[in-house]
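Have the viewer open as you read.

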Amino acid sequence: MSTITEMVDVEVPVKTAYNQWTQFESFPQFMEGVEEIRQIDATHTHWVTKFGGVSREFDATITEQHPDERVAWTSDSGPDHAGVITFHRLGDGKTRVTAQMDIDPEGFAENVADKLGVLDRRIKGDMKRFKEFIESRGHESGAWRGDVDRPGS
């Protein structure tokens, strides 16, 4: 299992950055290899991805979500991964968005990509594209402000 941590500072208020991140269906607009995400309900998503010419579908569960602070998830099927996105207010109009993910690559292409640092670079690129996406819009495309407590808390 690999752990990847990337961060980006975006020139929007923390509420705007957080609200946009809760719009999972918009991820294909800035995440390389993400073909589609469907929000099933408040805590479940279905993903369709493509990497190295191989398409994969999997489900994920949001395990914790607190407005303007964090969104955490874990995969339910397909490639084994989990992560958390945190949002830190740096000023009235500036936010640090940090992604920390644990990924267990599945299949030959993903394992080679992991060893060569391709996954790290992809996440770094996704964060940079998120910055460009939200800053060019200046506002979020929607929001979900619900709270999801960590299991067992």
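Leaving out neighbours within four places in sequence, Ala 72 is in contact (heavy atoms within 4.5 Å) with Thr 61, Ile 62, Thr 63, Glu 64, Gly 83 and Val 84. Bear in mind that this is a predicted model, where local features need pLDDT of at least 70, side-chain atom pairs count only at pLDDT 80 or more, and totals for chains, interfaces and linings use all residues. Numbering starts from 1 along each chain as its sequence is written, and side-chain values use heavy atoms, with hydrogens and water left out.

Ala 72 sits in strand β5 (residues 70-75); strands are DSSP runs of E, at least two residues, and helices are runs of H or I, at least four, numbered from the N terminus. From Ala 72 to Val 84 is 12 residues in sequence, yet 4.1 Å C-alpha to C-alpha.

Over in strand β4 (residues 54-66) you'll find His 66. Setting aside residues up to four places away in sequence, His 66 touches Tyr 18, Asp 147, Val 148 and Asp 149. Its side chain also makes polar contacts, meaning N or O pairs within 3.5 Å, one able to donate a hydrogen and the other to accept it, with sequence-adjacent residues counting only if both atoms are side-chain atoms:

| Side chain | Partner side chain | Distance |
|---|---|---|
| His 66 | Glu 64 | 3.1 Å |
| His 66 | Asp 147 | 2.5 Å |

Buried or exposed? His 66 is buried, at 15% relative accessible area, and Ala 72 counts as buried at 8%. The cut-offs are under 20% for buried and over 50% for exposed, with partly exposed in between (1.4 Å probe, protein chains only).

Helix α1 (residues 14-21) is mostly covered too, with seven of its eight residues buried, including Tyr 18 and Trp 21.
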